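Please open the structure in a viewer and keep the selection tool at hand.

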Amino acid sequence: MEMSGVSFDFEDVFDPDSTPPSKGEISQIDTGSDSVRSGNEDDQSVMAKLEKSRQSARECRARKKLRYQYLDDMIAEREKANLSLRQELEKYVSWCQQLDSNQVPEGLQNFLNSDMYKDGKM
């Protein structure tokens, strides 16, 4: 068979009379790489990577748990502050309604005399 000036003969490549190399001959073949590892080293490397991955996942889950706990704490604080502000608002609305009906609300005089009102920090 002729392919673009190159002669190709099936028998040149695959000699039916030749014998396959033995296991000893195969093990002596130079792979050209000094960094070829044995199967045991590969297994240890894979196991080390898996353990490192597991540890990283555990740390990630712990950080996530802390982050959610922090957010839950922040939500609880905000809800408590909202409740306090709503109660204060209800008190002032009540006072306004009492003043509109020409009544002096209970606690208004104490509030007007307080340092918070005088300092303008209300």
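A residue is called buried when its relative accessible area is under 20%, exposed when the value is over 50%, and partly exposed in between. The model is a predicted one.

Begin by colouring the whole protein by confidence. The average pLDDT is 80, and 66% of the residues score at least 70. Next, select strand β1, residues 2–3, which has the lowest mean pLDDT among the elements, at 50. Then select helix α3, residues 39–100, where the mean pLDDT is the highest, at 95.

Proceed to the aromatic rings. The protein holds 3 aromatic pairs. Select Tyr92 and Phe111: these two form a tilted pair, with 5.8 Å from centre to centre and 55° between the planes. Tyr92 belongs to helix α3 and Phe111 to helix α4 (residues 108–113), so the pair ties together parts that are 19 residues apart in sequence.

Which of the burial classes does Phe111 fall into? Phe111 has a relative accessible area of 12%, and it is therefore buried, as this value is under 20%. Tyr92, at 23% relative accessibility, counts as partly exposed.

Finally, turn to the surface and select Val46, Met47 and Leu50. These residues form a nonpolar patch, with about 270 Å² of accessible area together. Val46 is located in helix α3, and its relative accessible area of 45% makes this residue partly exposed.

Notes
Residues numbered from 1 in each chain as written. Predicted model: local features only at pLDDT ≥ 70, side-chain atom pairs only at ≥ 80, totals over all residues. Heavy atoms only, no water. pLDDT = per-residue confidence, 0-100. Helix = DSSP H or I, 4+ residues; strand = E, 2+ residues; numbered from the N terminus. Phe/Tyr/Trp six-rings, centres within 6.5 Å; stacked < 30°, edge-to-face > 60°. Buried < 20%, exposed > 50% of the residue type's maximum accessible area, 1.4 Å probe, protein only. Patch = residues over 30% accessible without salt bridge, like charges linked within 9 Å, V, L, I, M, F, W, Y side chains within 5 Å. Areas by Shrake-Rupley, 256 points an atom, 1.4 Å probe, with all protein chains shown as cover. Salt bridge = Lys/Arg side-chain N within 4 Å of Asp/Glu carboxyl O.
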